[in-house]
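Please keep the viewer open as you go through the points.

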Amino acid sequence: AARKLFVGHEVDFLKGVVGMDGLPPDDRAEVCFAGRSNVGKSSLINALTGRKGLARASNTPGRTQEINYFTLGADHYLVDLPGYGFANAPVDVVARWQALLKSYLSGRVSLRRAFVLIDFRHGIKPVDDEIMTLLDRSAVTFQAVLTKADKVKDKDKDRILAQVRQGLSKHPAAYPEIVLTSSEKGDGIATLRAIIAGLS
Ligand code: GTP
Ligand code: MG
């Protein structure tokens with residue numbers, strides 16, 4: 001099922017949403033990709049779908065400023081979220097994204113799982129912890145996805161993984177399995193596809 005779900009032609013950009021009233025009907029299972037600005041959310045969606053230019057990835061933090069919906073097959077949505085913890089934009093703009101992000105994460109009934117992306121080099125930061133607490137309170141199961149594994153030295157991996165495990169253990173909504181990924185090299189992509197395909 002995982003392979004079928006991710007066949008390229010079955011994936012499409014649907015719309016960018018700037019307010020809760022713009023969300024599509026909640027009649028499909030959806031998963032979202034949350035995380036600090038620049039952590040690799042858009043790149044991961046591109047790697048999962050095998051479509052390089054689908055979600056706009058960029059070196060400029062704050063690239064994704066809307067909630068972007070992608071249809072996956074007939075029954076799923078993939079949702080690319082604006083990054084959090086990015087201050088280098090007008091204050092009112094940042095405040096508006098953050099409010100939207102929080103409303104979405106706490107109020108979307110068809111959200112089956114939130115993937116919280118964490119840069120493998122940096123581990124869990126205080127802003128990640130805040131989002132995880134919001135997800136706990138909203139009873140949204142979330143799963144940690146470590147990104148940019150290709151940039152981490154083998155000797156550092158166990159230490160950072162231990163920090164992440166420790167951080168997750170405080171969150172009742174955290175799914176215990178951590179997914180290690182590299183959108184660049186393809187690590188973990190098949191695993192994540194299978195996880196998404198298993199959610200309905
Ligand atoms: P915002 O939309 O600004 O919140 O960022 P984002 O989380 O969508 O990050 P994006 O996918 O745009 O990637 C940010 C930068 O990290 C880009 O320059 C990517 O090429 C790079 N990047 C993403 N994933 C990986 C990875 O697995 N390995 C490496 N080496 N670089 C990556
Ligand atoms: Mg993005």
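1. A word on terms before we start: two strands count as paired if DSSP finds at least two bridges between them. With that in hand, S5 and S6 run parallel and are joined by six bridges. One of the bridge pairs to look up here is Ile118 with Leu146 in S6. Please bear in mind throughout that this is a predicted model.

2. Now the whole chain. Six helices and seven strands make up its secondary structure, and along the sequence they follow the pattern α-β-β-α-β-β-α-β-α-β-α-β-α. The radius of gyration is 16 Å, close to the 16 Å that the globule rule gives for 200 residues, so the chain is as compact as a globular protein of that length. Along the principal axes, the C-alpha atoms fill a box of roughly 45 × 40 × 35 Å.

3. How much of the chain is buried? Of the 200 residues, 38% are. As for contacts between residues at least 6 apart in sequence, 76% of them join residues at least 24 apart.

4. The sheet deserves a slow look. It is open and built of seven strands in the order S1-S3-S4-S2-S5-S6-S7, with mixed pairing. Strands S1 (11-17) and S7 (179-180) stand at the edges with a single partner strand each, so one side of each is left without a neighbour in the sheet.

5. On to the pairing of S2 and S5. Strand S2 (residues 29-35) pairs with strand S5 (residues 111-119) in the parallel sense, over six bridges. Along this pair, Cys32 stands opposite Ala114 in S5, and Phe33 has Phe115 as its bridge partner.

6. What does Val116 touch, once neighbours within four places in sequence are left aside? Its contacts are Ala34, Gly35, Asp128, Ile131, Met132, Phe142, Ala144 and Val145. Two of these, Ile131 and Met132, are also among the buried residues of H4, which brings us to that helix.

7. Helix H4 (residues 126-138) has 13 residues, which at 1.5 Å a residue should span 18 Å; its end C-alpha atoms are 19 Å apart, which agrees. Asp128, Ile131, Met132 and Leu135 are buried in this helix. Seen down the axis, the buried residues of H4 fall within an arc of 100°, so they line one face of the helix.

8. What do the buried residues of H4 pack against? They meet S2, helix H3 (91-107), S5 and strand S6 (142-147). On the other side of H4, Pro126 and Arg137 are exposed. Just after the helix, Ala139 takes a positive phi of about 55°.

9. Nine of its nine residues are buried, so H2 is largely enclosed by the rest of the structure. The buried residues of H2 include Lys41, Ser42, Ser43, Asn46 and Thr49, along with Leu44, Ile45, Ala47 and Leu48. Gly50 follows H2 and has a positive phi, near 70°.

10. Lastly, two loop residues to check by eye. Most residues other than glycine have a negative phi, and most peptide bonds are trans. Asn38, in the loop between S2 and helix H2, has a positive phi near 80°. Lys148, in the loop between S6 and helix H5 (154-168), has a positive phi near 60°.

11. Asn38 has 21 C-beta neighbours inside 10 Å, so it counts as buried. Lys148 has 23 C-beta neighbours inside 10 Å and therefore counts as buried.

Technical notes. Residues numbered from 1 in each chain as written. Chains lettered and ligands numbered in written order. Predicted model: local features only at pLDDT ≥ 70, side-chain atom pairs only at ≥ 80, totals over all residues. Helix = DSSP H or I, 4+ residues; strand = E, 2+ residues; numbered from the N terminus. Rg over C-alpha atoms; globule rule 2.2 N^0.38 Å. Buried ≥ 20, exposed ≤ 12 C-beta atoms within 10 Å, placed from the backbone. Contact = placed C-beta atoms within 7 Å. Expected span 1.5 Å × (residues − 1). Arc of directions from axis to C-beta.
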